[in-house]
Amino acid sequence: EKERELFILYAQRRALRDFHFAVEWEKASVWGLTKARLLPLTLTFFLSFGSVITYTLFHNVTKKYALYIAMAPLISNVGGNHGLITASSVMRGLATVSFNRLSVVVKEVLAGVVCGLILGAIGGIIALVGYKSVPMALTVICSLVCALATSGLFGTCAPIFFSWLRIDPARVAGPMETTIQDFVTYSSYFLFLQLFMRLFGE
């Protein structure tokens, strides 16, 4: 009975906080919305330089294997979408129920790994048939697993972290997650591509 009362109290406090955020959003002026969007967008703008630095550091790889770079945006898009789906689910959970944070993080990461293996196998076959390249196929598989595992991790942790800081996760978690995910995806893709190309002597 006591646990039930605590759960109801937690749900009421969470609902009140979400209601407060919603009222703020509905009543906000154009300048108010601009200020609310400016912080996450500024953070993502500067964090996006991580991707710029990645391209710069791997310019030899991108020049030498220009054709093989074609699959990188696909992996980035899938990873970003998975992160947003995960973040949305966690935000909904934060708004409605009390849950074990660690358990959810582990489950989302493992789900990402399984999705990565399934989509990686499909993408690997396409790369093998389309590009006639084993290194390319292996790069796609490993990159998708890495991208979906990390997007599951960041997509879960970001809303929990910003909620703990009492910052509306709906404003910040999505942009932060996708920006970090771009950096992780492209870095892992180039690293795997370089590794497998060297292993197979291409």
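This is a predicted model: local features need pLDDT of at least 70, side-chain atom pairs count only at pLDDT 80 or more; totals for chains, interfaces and linings use all residues.

**Helix α7 and its neighbours**

Helix α6 passes α7 in a right-handed crossing. Residues are numbered from 1 along each chain as its sequence is written, and side-chain values use heavy atoms, leaving out hydrogens and water.

First, the setting. The protein chain has 8 helices and 0 strands. Its pattern along the sequence is α-α-α-α-α-α-α-α. Helices (H or I, at least four residues) and strands (E, at least two) are DSSP runs, numbered from the N terminus.

Now the pair. Two packed helices are described by the angle between their axes and the distance between the axes. Helix α6 covers residues 101-131. It packs with α7 at an angle of about 155°, and the axes are 7 Å apart. Axes are lines fitted to C-alpha atoms, for helices over the stretch in contact, and angles run from 0 to 180 degrees between N-to-C directions. The two helices, α6 and α7, are therefore roughly antiparallel. That label needs an angle over 145 degrees; under 35 is roughly parallel, 65 to 115 roughly perpendicular, and the rest oblique. By class, the contact of α6 with α7 has 23 nonpolar, 7 polar and 2 charged residues. Ala, Val, Leu, Ile, Met, Phe, Trp, Tyr, Cys and Pro count as nonpolar, Asp, Glu, Lys and Arg as charged, and the others, Gly among them, as polar.

Next, α8. Helix α7 spans residues 134-164, and helix α8 spans residues 169-199. Their axes come within 8 Å and cross at roughly 155°. That makes α7 roughly antiparallel to α8. The crossing of α7 and α8 is right-handed. In this contact, the classes are 21 nonpolar, 9 polar and 1 charged residues.

T86 sits in helix α5, residues 72-96. It is buried, with a relative accessible area of 2%. Buried means under 20%, exposed over 50%, and partly exposed in between (1.4 Å probe, protein chains only). T86 touches E108, G152, G155 and T156, leaving aside residues up to four places away in sequence. Touching means heavy atoms within 4.5 Å.

Conventions: A crossing is left-handed if the near helix is turned anticlockwise from the far one by less than a right angle, and right-handed if clockwise.
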